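Here is a short briefing on one protein chain. Keep the structure in view while reading the points that follow.

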Amino acid sequence: RGSVFGITTRIEAVSAAADDLSRGNFGNTLVVTSRDEVGELARSFNTMTRQLRQRLEMQKAIDLAGEIQQNLLPQKSFEGKGLVVSGKSIYCDETGGDFYDILHYPGSDRKVGIAVGDVVGHGIGAALLMTTVRALLRCRISRSGSLGEIIGDVNELLCRDTIVTGNFVTLFYMVVDVESGVASWVRGGHEPAIVYSPMTGTFSELKGKGVALGVDAGIKYEYNEISLPREEQLILIGSDGAWEIENVGGEQFGKDRLKQIVAASSDAHPEKILETIVNEIAIFRGTAPQSDDITLAVIKTG
């Protein structure tokens with residue numbers, strides 16, 4: 001009878017610990033006093049509890065990393081005379097490898113730098129590389145040099161970190177100066193920017209040569225320039241996750257749908273244009289998973 005009572009007591013202890021765990025209370029480690037089935041049960045419960053605690057702590061750390069990363073992104077649009085810029089990043093995991101940045105030039109509300117980057121892969125590793133690229137770019141633009149020289153220096157420094165891992169990042173960096181009437185950009189392996197002219201209802205692309213950053217430290221980057229028209233125009237820079245996202249049938253959203261939305265909402269504020277694009281992508285995707293990060297920046301001039 002004593003033996004049965006002892007077994008019952010130990011089972012009740014495991015049961016009580018399980019109830020506590022279900023309410024989020026880890027409690028103390030169960031004392032294992034035997035080598036029988038109940039002892040093995042208590043030992044397995046202790047192992048499960050320890051692993052669950054570790055995973056919860058890891059999830060909290062990942063959630064915090066995601067919050068920090070979101071805070072690194074611009075929290076509001078840039079609005080100047082004849083120039084408005086908005087951006088948005090939607091990650092498929094808690095953290096991501098996409099990023100955008102809006103870089104102000106001191107003393108001018110008519111000139112701004114816009115960066116959109118896409119690190120290979122996603123998750124924690126991509127997020128760390130993303131923050132490195134962001135920091136390098138922000139530091140480098142404060143010094144003199146052409147856009148090509150600036151991106152070349154960023155690439156050279158980045159290659160010191162990627163030489164072992166083989167990671168890389170595509171980058172589109174653009175400076176829009178409505179005062180001088182010139183837009184200049186460097187395309188480091190990134191998708192071309194899309195330009196829409198509401199007056200003519202036509203689309204064009206901002207292309208240019210350039211290899212992704214982090215691949216070859218000796219690459220020389222070219223920069224391109226165009227004159228800004230006096231009439232209003234929209235420039236959209238994005239990561240390929242925006243148009244390569246698929247619905248449940250395996251169909252991609254595509255650039256044509258993206259262009260239709262831009263044309264239909266061209267009168268709106270860039271923030272509203274982005275909101276419309278994101279909503280339409282969500283409707284198109286439906287219940288299909290988002291397998292890549294999505295980043296978009298919209299620039300309105302004129």
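The protein chain has seven helices and 11 strands; helices (H or I, at least four residues) and strands (E, at least two) are DSSP runs, numbered from the N terminus. This is a predicted model, in which local features need pLDDT of at least 70 and side-chain atom pairs count only at pLDDT 80 or more, while totals for chains, interfaces and linings use all residues. Residues are numbered from 1 along each chain as its sequence is written, and side-chain values use heavy atoms, with hydrogens and water left out.

**The chain as a whole**

- Of the 302 residues in the protein chain, 44% are buried; buried means under 20% relative accessible area, exposed over 50%, and partly exposed in between (1.4 Å probe, protein chains only).
- Among the contacts in the protein chain with a separation of 6 or more, 71% are between residues 24 or more positions apart; a contact means heavy atoms within 4.5 Å.

**The sheet of six strands**

- Six strands form an open sheet with antiparallel pairing, in the order β1-β2-β11-β10-β7-β8; two strands pair if DSSP finds at least two bridges between them.
- Its edge strands are β1 (78-80) and β8, each of which pairs on one side only.
- From one strand to the next, the twist averages 15°; axes are lines fitted to C-alpha atoms, for helices over the stretch in contact, and angles run from 0 to 180 degrees between N-to-C directions.
- The antiparallel strands β7 and β8 are joined by five bridges, and Ser-197 stands opposite Thr-202 in β8.
- Helix α6 packs on this sheet and touches β7, β8 and β10, with its direction at about 40° to that of β7.
- Helix α7 lies across β2, β10 and β11 (294-301), and runs at about 30° to β2.

**Strand β10**

- Why is β10 described as largely enclosed by the rest of the structure? Six of the six residues of β10 are buried, so the strand is largely enclosed.
- Both faces of β10 are covered, with Gln-233, Ile-235 and Ile-237 buried on one side and Leu-234, Leu-236 and Gly-238 buried on the other.
- Three bridges pair β10 with β7 in the antiparallel sense, and Ile-194 stands opposite Leu-236.
- Six bridges join β10 to β11, again antiparallel, and the bridge partner of Gly-238 in β11 is Leu-296.

**Helix α6**

- Gly-254, Leu-258, Ile-261 and Val-262 are buried in helix α6 (residues 254-264).
- These four cover an arc of only 130° around the axis, which puts them on the same side of α6; the arc is that of the directions from the helix axis to the C-beta atoms.
- The cover over the buried residues of α6 includes β7 (193-197), β8 (202-206), β10 (233-238), α5 (241-244) and α7 (270-285).
- The face turned away from the buried side of α6 carries the exposed residues Asp-256, Gln-260 and Ala-264.

**The sheet of five strands**

- An open sheet of five strands, with antiparallel pairing, has the order β3-β4-β5-β6-β9.
- The edge strands of this sheet are β3 (98-104) and β9 (224-227), each pairing on one side only.
- Strand β5 (residues 169-177) runs antiparallel to strand β6 (residues 182-188), and six bridges join them; Asp-177 stands opposite Val-182 in β6.
- Helix α3 (residues 124-140) packs on the sheet and touches β3, β4 (111-119) and β5, its direction making about 15° with that of β3.
- In the loop between β2 (83-90) and β3 is Gly-97, which counts as buried because its relative accessibility is 0%.
- Gly-97 and Ile-124 are 27 residues apart in sequence and 8.1 Å apart in space, C-alpha to C-alpha.

**Empty space**

- Rolling a probe the size of a water molecule over the atoms shows where empty space is left.
- On a 1 Å grid over the protein atoms alone, a cavity is a set of points where a 1.4 Å probe fits but cannot get out, and a pocket is an open set with protein on both sides within 12 Å along at least five of seven lines; lining residues have an atom within 4 Å of a point.
- The largest pocket has a volume of about 280 Å³; grid points are joined across faces, edges and corners, and a volume is the space filled by probe spheres set on the points.
- Of the 14 residues lining the largest pocket, Pro-74, Gln-75, Gly-87, Lys-88 and Tyr-100 lie nearest its centre.
- Strand β2 gives the most to the lining of the largest pocket, with four residues.
- The largest cavity holds about 40 Å³ of space, and its lining includes Ile-194, Leu-236 and Val-262.
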